[in-house]
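Colleague: Please take a close look at one residue of this model and its surroundings. Give the cut-offs as you go.

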Amino acid sequence: MSDVVSGFVPRMLLDPDIGLFQADERVFTAMLDVWQAQMLARGLPSQTIKQRYQLLERFQRFTGEFPWQWRPADIDEFLADLRSGEKPISLRILRSYSNAVAMFCSFLTHPGHGWGEFCERTFGDILSRICFEWNMPRHTTDDAVPARKRSFTKAELQRLFDYMDDPVDQEYAAGSKRAPPVTRLGGVQSLLRLRASPA
């Protein structure tokens, strides 16, 4: 087993002398457990791991099937359901969910883990990836951040700096001794402070 990487099929599932009662559920739980162990080893926050674990359980309940039976249409229906309900989830959360499912499938289909061969031998079906560029939400800067929290555009920044430069220019034009401190302290705010202070 020297060519096997972390996340491989647990030995108890490989032992031919051990029968698998409720094999589907036990194998799925083992898959989630070794994925969880891998995420812990990578140093991911426990809350992130817990949310991903619960999401995969939720996805499995939604489909009524297990990873070796999942198809791209399953993730399409799952995400569409989450976006079309009474309280549709945001694009950010939708992206997070699809990424978690994609990472889980990528983890399982890695040849070094042995899950593909195990599922083919045990269930007669193979694991496959179900999340692709064409069925996952795209990341764009416009939808990633609500408008009230977005970054300034270049034009808005230019207007802000022009506005802050005006008091400095006025002080210099008037030959005021306040011009250097206004320049150093940042334009408008410092000018207001200087004007408010006694002469």
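**A threonine in a helix**

Modeller: Thr63 is found in helix α3, where helices are DSSP runs of H or I with at least four residues, strands are runs of E with at least two, and both are numbered from the N terminus. The model is predicted, so local features need pLDDT of at least 70 and side-chain atom pairs count only at pLDDT 80 or more, while totals for chains, interfaces and linings use all residues. Residues are numbered from 1 along each chain as its sequence is written, and side-chain values use heavy atoms, with hydrogens and water left out.

Thr63 counts as buried because its relative accessibility is 18%; buried means under 20% relative accessible area, exposed over 50%, and partly exposed in between, with a 1.4 Å probe and protein chains only.

The side chain of Thr63 has a polar atom 3.1 Å from the backbone oxygen of Gln60. A polar contact at 3.3 Å joins the side chains of Thr63 and Trp70. Such a contact is a pair of N or O atoms within 3.5 Å; within protein, one must be able to donate a hydrogen and the other to accept it, and residues adjacent in sequence count only if both atoms are side-chain atoms.

With neighbours within four places in sequence set aside, Thr63 is in contact (heavy atoms within 4.5 Å) with Trp70 and Asp74.

For another buried residue, Ser98 lies in helix α5 and has a relative accessible area of 0%. Beyond four places in sequence, Ser98 is in contact with Leu79, Cys131, Met136 and Pro137.
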